[in-house]
Amino acid sequence: MAGAEDLQHLIEKNARWAERVVKQDPDFFRRLAAQQAPEYLWIGCSDSRVPANEVVDLAPGELFVHRNVANVVNHSDLNCQSVIQFAIDVLKVRHIMVVGHYGCSGVNAALTCTRVNGVADYWLGHVRDIACRHQGLLDLEPDERHQLSLLCELNVMEQSLNVCSSQTVVDCWARGQALTVHGWIYGLGDGRVRHLNIAVSGPDDVGQLRQQALHDITAARKASAERKRLGDTVPASR
Ligand code: CO
């Protein structure tokens, strides 16, 4: 029979963590309880290997976070859209980063049309739509592994553009409030975040942004493949 004590080890870990924090900074929790003033909203994948705060080494209070399977930003998802609205209108964050990751199993399921046999299949339909939209580009990749990494990048691009065209963001820019939307991708294998050259600070034409981002993504992938061909083992940083 399962009971509350099953998770006792986590409650004990929590107590030790809180003690450690207070030891370093006695006022830490009192200060945080009074208010939060994060500058950033992180929209990422629920994957347990991509913990938002740790990845960018930020303390509690510094990062507002929304995570779901495959970091999808859907216009009719009241959960995600409410987080975006709260972040912009109430917390007045200056930056939103949409953070995908290579090797995303949600994106992989969408790419390979693998059924999860449940409601997640509907959710991943949003990523399948992106694969269909960019099928021509995906077909140019040499194998499925490369297709997956490209689709992970394209998914970040499309979800970033969905943030840019969300009503809250459109209204935010219209009234002159500073906000930049960034597209990032995280490497599970090296713990590094790469910027996908997506950084939008105003109501630019989304179609044009997509063309520019597609150009940058494919150019960077070509450069990276070329470096690999030449035996350069330095990881691509961009
Ligand atoms: Co994922």
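Helices (H or I, at least four residues) and strands (E, at least two) are DSSP runs, numbered from the N terminus. The model shown is predicted, with local features requiring pLDDT of at least 70 and side-chain atom pairs counted only at pLDDT 80 or more, whereas totals for chains, interfaces and linings use all residues. Residues are numbered from 1 along each chain as its sequence is written, and side-chain values use heavy atoms, with hydrogens and water left out.

**View A. Five strands form an open sheet.**
The strand order is E2-E1-E3-E4-E5, and the pairing is mixed. Two strands are taken to pair if DSSP finds at least two bridges between them. Strand E2 (63–68) and strand E5 (193–200) form the edges, each pairing on one side only. From one strand to the next, the twist averages 20°; axes here are lines fitted to C-alpha atoms, for helices over the stretch in contact, and angles run from 0 to 180 degrees between N-to-C directions. Helix H4 (residues 78–90) packs on the sheet and touches strand E1 (40–45), E2 and strand E3 (95–101), contact meaning heavy atoms within 4.5 Å. The direction of H4 makes about 170° with that of E2.

**View B. Strand E1 pairs with E2 and with E3.**
E1 and E2 are parallel and share 6 bridges; in this pairing, tryptophan 42 stands opposite valine 65 of E2. E1 and E3 also run parallel, joined by 5 bridges, and here glycine 44 faces valine 99 of E3. Of the 6 residues in E1, 5 are buried, where buried means under 20% relative accessible area, exposed over 50%, and partly exposed in between (1.4 Å probe, protein chains only).

**View C. Strands E4 and E5 pair in the antiparallel sense.**
Strand E4 (residues 180–186) is joined to E5 over 6 bridges. Isoleucine 185 is placed opposite arginine 194 in E5.

**View D. The largest nonpolar core contains 50 residues.**
A nonpolar core is a set of buried Ala, Val, Leu, Ile, Met, Phe, Trp, Tyr and Cys residues joined through side-chain atoms within 4.5 Å. The residues with the most contacts inside the largest core are Leu41, Ile84, Ile96, Leu151, Val163 and Leu179. Helix H8 (residues 144–164) gives the most to this core, contributing 10 residues. Leaving aside residues up to four places away in sequence, valine 163 touches Ile43, Val73, Ile84, Ile96, Val98, Val169 and Val181. A second, separate core has 8 residues, including Trp42, Val50, Leu63 and Tyr186. In soluble globular proteins, nonpolar side chains tend to be buried together.

**View E. A cobalt ion has donors from two cysteines and one histidine.**
Donors are N, O and S atoms within 2.8 Å of the metal (3.2 Å for Na, K and Ca); water is not among the atoms, so sites may look incomplete. Along the chain, the cobalt donors follow the spacing C-x55-H-x2-C. Histidine 101 and cysteine 104 are both buried.

Cysteine 113 is exposed, at 55% relative accessibility. Cysteine 164 is buried, at 5% relative accessibility.

**View G. Asparagine 71 and cysteine 113 have positive phi values.**
Most residues other than glycine have a negative phi, and most peptide bonds are trans. Asparagine 71, with phi near 40°, is located in the loop between E2 and H4. At 2% relative accessibility, asparagine 71 is buried. Cysteine 113, with phi near 55°, belongs to the loop between helix H5 (105–112) and helix H6 (120–133).

**View H. Glycine 207 lies in helix H10 (residues 206–229).**
Glycine 207 is partly exposed, with a relative accessible area of 35%. Glycine 207 and leucine 140 are separated by 67 residues in sequence and by 22 Å in space, C-alpha to C-alpha.
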